[in-house]
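Work through the exercises below with the sequence and coordinates open. Each task is followed by a solution in steps.

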Amino acid sequence: MTMQRETEHTSLTAVCYVRAPLLLEPVDTQVETLQACESDGAIDELLLRSWPKEVALSEESPHQEVLANYERFVRWADERGVSVRPPFRERSTTSQVTGETRDRLVTPLLCLELYADDELVGVFPHSTETTDETYTTDEAIATLRTGEIPTALGSVGDAEPLELPPSATCPDCGGLLVDGQGLFGCSDCGWIGTVTEYGRFATQPEPAPKDRDQSGTDSQETDSGPAKPSRK
């Protein structure tokens with residue numbers, strides 16, 4: 001489950017997500033090994049990110065970046081016929097005071113994603129439902145330590161590669177973006193757009209003008225030629 005790294009052509013980035021208050025054995029050992037991989041040149045860049053134990057699965061959650069990461073991991077796994085559930089879990093909680101039920105996402109202690117030249121090539125741990133085999137973060141990190149790239153379980157087929165996730169800032173002015181059911185808006189400059197299937201921001205196209213009545217005055221011809229479209 002490895003592939004040889006072509007060091008002259010492949011830039012390898014590791015993004016490690018971990019629960020910050022729980023940097024204890026064996027998690028901190030894994031982080032230390034990743035840092036050693038970066039120092040030794042086994043990986044080109046190591047990015048450490050912290051996340052909470054669980055977040056609300058709602059548009060009002062203050063942890064939209066965590067939810068976006070989770071959706072990207074699930075999409076990557078689905079394309080390869082593997083699963084990241086577990087280590088991620090979804091559960092429901094009911095308030096004894098209000099009786100309101102909320103869905104929550106429970107994050108793993110540590111999750112590792114690997115990018116080769118900005119292409120997402122692995123999310124660890126993950127497992128297969130057919131063979132019940134799991135590729136753990138320990139195994140992935142041990143493979144990186146040898147100078148090779150872990151090869152994920154499953155196969156991608158003809159699917160397009162996923163790319164590094166976009167930042168939560170406006171591509172026009174750098175302001176903070178607000179996510180409204182997949183449509184992102186910037187409160188600073190008014191930019192509106194969506195995220196493409198490849199993980200990049202795209203400006204929302206302006207709605208096409210309504211078809212004019214071909215029998216109306218806009219389509220009538222005069223002695224000076226066809227009438228010009230009216231300006232709005």
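## Overview

The protein has a secondary structure of 3 helices and 17 strands. The model is a predicted one. Of the 232 residues in the protein, 34% are buried. Among contacts between residues at least 6 apart in sequence, 56% join residues at least 24 apart.

## Exercise 1: helix α1

Task: check the span of helix α1 (residues 27-40) against its number of residues, and find which of its residues are buried.

Solution. 

1. The expected span of a helix is 1.5 Å times one less than its number of residues. For the 14 residues of α1 this comes to 20 Å, and the end C-alpha atoms are 20 Å apart, so the two values agree.
2. The buried residues of α1 are Val27, Gln30, Val31, Leu34 and Cys37. They lie on the same side of α1, because the arc they cover around the axis is only 115 degrees.
3. Ser39 and Asp40 are exposed on the other side of α1.
4. The packing partners of the buried residues are β2 (12-18), β3 (45-50), β7 (110-116) and α3 (137-145).
5. After α1 comes Gly41, with a positive phi near 90 degrees.

## Exercise 2: strand β2

Task: determine how many residues of β2 are buried, and which way their side chains point.

Solution. 

1. In β2, 7 of 7 residues are buried.
2. Leu12, Ala14, Cys16 and Val18 point one way, while Thr13, Val15 and Tyr17 point the other way. Both sets are buried.
3. β2 runs antiparallel to β7, with 7 bridges joining them. Val15 has Glu113 as its bridge partner in β7.
4. With β3, β2 pairs in the parallel sense over 6 bridges. Here Cys16 stands opposite Leu48.

## Exercise 3: the sheet of β4, β6 and β5

Task: give the strand order of the open sheet formed by 3 strands, and explain which strands stand at the edges.

Solution. 

1. The order is β4-β6-β5, and the pairing is antiparallel.
2. β4 (54-56) and β5 each have a single partner strand, so one side of each is left without a neighbour in the sheet; these are the edges.
3. Ignoring direction, neighbouring strands of this sheet are turned by 35 degrees against each other on average.
4. The antiparallel pairing of β4 with β6 (residues 101-106) runs over 3 bridges. Glu54 stands opposite Val106 of β6.
5. Helix α2 lies across β4, β5 and β6, at about 100 degrees to β4.

Key
Residues are numbered from 1 along each chain as its sequence is written. This is a predicted model: local features need pLDDT of at least 70, side-chain atom pairs count only at pLDDT 80 or more; totals for chains, interfaces and linings use all residues. Side-chain values use heavy atoms; hydrogens and water are left out. Helices (H or I, at least four residues) and strands (E, at least two) are DSSP runs, numbered from the N terminus. Buried means under 20% relative accessible area, exposed over 50%, partly exposed in between (1.4 Å probe, protein chains only). The arc is that of the directions from the helix axis to the C-beta atoms. Contact means heavy atoms within 4.5 Å. Two strands pair if DSSP finds at least two bridges between them. Axes are lines fitted to C-alpha atoms, for helices over the stretch in contact, and angles run from 0 to 180 degrees between N-to-C directions.
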